[in-house]
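This report is written for someone meeting the structure for the first time.

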2 protein chains.
Amino acid sequence: MDSTPATPSLRERTRRAVHAEITDTALRLFAEQGFEATTVDQIAAAAGISRRSFFHYFGSKEDVVLGDLEALGLRVRDALEARPAAETAWEALRAALKTLQGPDTDAVTELQIAGMYADAPSLRAKHLEKHLRWQELFAPEIERRLGIVPGATADPRARAVIAAALACLDIAVEAWRESGGTADPVDLFDAAVAAVRA
Amino acid sequence: MDSTPATPSLRERTRRAVHAEITDTALRLFAEQGFEATTVDQIAAAAGISRRSFFHYFGSKEDVVLGDLEALGLRVRDALEARPAAETAWEALRAALKTLQGPDTDAVTELQIAGMYADAPSLRAKHLEKHLRWQELFAPEIERRLGIVPGATADPRARAVIAAALACLDIAVEAWRESGGTADPVDLFDAAVAAVRA
DNA sequence: CAGAGTATTGCACTCGGTGCAAGCGTTGGC
DNA sequence: GCCAACGCTTGCACCGAGTGCAATACTCTG
């Protein structure tokens with residue numbers, strides 16, 4: 001995460017610290033009382049900041065859980081573009097999405113977060129919204145791999161492949177959660193994709 | 001729509017009338033000012049009811065646009081179950097989803113509604129939420145067609161196929177909207193599916 | 001050290017949505 | 001035809017998320 005080499009200035013450091021403090025506090029409260037039952041005021045109070053400041057760090061309550069999906073999307077896109085040109089769209093997507101399962105992901109926390117999705121519609125909603133953004137983000141690269149000329153009329157094909165892959169991802173994660181974290185997410189993903197393409 | 005044979009009682013008739021009045025008024029305002037810029041108070045005032053009554057007819061502002069997706073989902077599920085047992089999951093889904101394009105759908109209104117999705121995240125979000133409900137709704141029938149024993153562990157396959165099909169549907173509709181309503185939605189859907197399964 | 005820039009905060013406000021209770025009309029039983 | 005039960009409408013008060021604004025306090029740059 002910290003690709004900043006030298007001193008990132010006091011401001012930046014405190015900013016990161018506060019950001020982390022809010023995240024930790026909020027996730028703890030969410031785990032204790034549930035996402036919806038926890039108010040922003042509670043989080044702010046528990047984190048020792050004002051309600052207004054909370055909204056300076058996060059655009060919404062959901063964003064605390066979702067993290068920076070925008071940045072994550074960019075990383076996946078980069079991974080996608082770095083895949084060999086010979087790979088098919090599906091192969092490249094599979095490999096790129098696997099980078100999400102990095103070493104920085106803590107299984108217990110992930111399981112907790114996945115659990116929140118189950119009973120917080122607004123959370124799922126924002127998550128799905130972000131996936132729509134990813135669709136646009138990945139589309140150029142997928143169009144390349146599908147051999148589609150980019151300038152043409154609105155072509156549903158690239159978006160469809162990406163949407164299907166992301167749906168498989170979400171479903172794999174959900175099934176992983178239902179298994180209590182025992183099943184292998186990659187296996188589940190592959191099973192989902194195989195069923196779709198059978 | 002009106003499968004009610006006899007007089008559906010005065011209450012029921014007025015209720016339907018008010019419901020329709022709200023819907024018409026709201027859609028007009030949405031078309032004029034945009035979805036987000038229109039407040040519930042405006043709709044209620046324009047429809048001649050109180051703000052509180054609005055929320056007796058619709059659970060949320062979004063519901064006015066989304067209509068009764070729950071009922072629609074049930075219809076699609078019935079269509080799905082009515083398909084020949086010999087059809088594959090994809091064939092059955094394609095046929096069942098085609099029933100959505102019934103004679104009661106007005107192209108101009110549909111185009112307007114599709115347009116609202118473009119600049120109203122909350123609308124898209126609720127729409128996607130409903131599709132998650134559809135996933136569960138269709139899952140048993142799709143599991144049957146995939147030859148999956150229902151009692152087993154959480155199997156991602158059926159959900160994946162359904163999610164992929166719904167994604168293709170949404171993308172086809174979106175592409176249809178971008179074409180200004182000229183392209184054929186079914187062709188777009190088929191193209192999307194073909195790309196996913198290629 | 002002075003000034004430019006940024007972070008924090010409180011305040012007031014908007015908007016969506018809900019619970020409650022009172023009032024009124026409809027409906028059905030007698 | 002009357003009365004009671006029910007349902008619908010409405011106003012009111014309330015909550016929680018999110019935003020704009022302006023004052024204050026802090027950090028950084030020259």
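## How the chains meet

In this predicted model, the contact between the chains draws on 28 residues from chain A and 28 residues from chain B. On the side of chain A that touches chain B, the elements giving two or more residues are helix H8 (121–146), helix H9 (156–178) and helix H10 (185–197) of chain A, and H9(A) gives the most, with 13 residues. By class, the residues on this side of chain A comprise 21 nonpolar, 1 polar and 6 charged.

How are the two copies arranged relative to one another? Chain A is superposed on chain B by a rotation of 180° with 0.0 Å of shift along its axis, at an RMSD of 0.0 Å; the two copies are thus related as by a two-fold rotation axis. Of the interface residues of chain A, 100% are also interface residues in chain B, so the copies meet through the same surface.

## Two packed helices in chain B

Within chain B, helix H9 (residues 156–178) and helix H10 (residues 185–197) pack with their axes 8 Å apart and at an angle of about 135°, which means that H9(B) is oblique to H10(B). The crossing in which H9(B) passes H10(B) is right-handed. Among the residues of H9(B) that make this contact are Ala164(B), Cys168(B), Leu169(B) and Trp176(B), while H10(B) contributes residues including Pro185(B), Phe189(B) and Val196(B). The residues of the contact of H9(B) with H10(B) divide into 14 nonpolar, no polar and no charged.

## The surfaces near the DNA

Both DNA strands have residues of chain A and chain B among those closest to them, as the lists for DNA strand C and DNA strand D show.

DNA strand C is surrounded by 18 residues, the closest being Ser50(A), Ser53(A), Leu10(B), Thr39(B) and Ser60(B). At least two residues of this surface come from each of H1 and H3 of chain A and H1, helix H2 (40–47) and H3 of chain B, and the largest share, 3 residues, comes from H3(A).

Around DNA strand D there are 19 residues, of which the closest are Leu10(A), Ser60(A), Ser50(B), Arg52(B) and Ser53(B). Here helix H1 (10–33), helix H2 (40–47) and helix H3 (51–57) of chain A, together with helix H1 (10–33) and helix H3 (51–57) of chain B, each supply at least two residues.

Definitions and conventions: Residues are numbered from 1 along each chain as its sequence is written. Chains are lettered from A and ligands numbered from 1 in the order in which they are written. This is a predicted model: local features need pLDDT of at least 70, side-chain atom pairs count only at pLDDT 80 or more; totals for chains, interfaces and linings use all residues. Two residues are in contact if their C-beta atoms, placed from the backbone, lie within 7 Å. Helices (H or I, at least four residues) and strands (E, at least two) are DSSP runs, numbered from the N terminus. Ala, Val, Leu, Ile, Met, Phe, Trp, Tyr, Cys and Pro count as nonpolar, Asp, Glu, Lys and Arg as charged, and the others, Gly among them, as polar. Axes are lines fitted to C-alpha atoms, for helices over the stretch in contact, and angles run from 0 to 180 degrees between N-to-C directions. Angles under 35 degrees count as roughly parallel, over 145 as roughly antiparallel, 65 to 115 as roughly perpendicular and the rest as oblique. A crossing is left-handed if the near helix is turned anticlockwise from the far one by less than a right angle, and right-handed if clockwise. A residue is near a molecule or strand if its C-beta atom, placed from the backbone, lies within 6 Å of it. Copies are superposed by least squares on the C-alpha atoms of residues with pLDDT of at least 70 in both.
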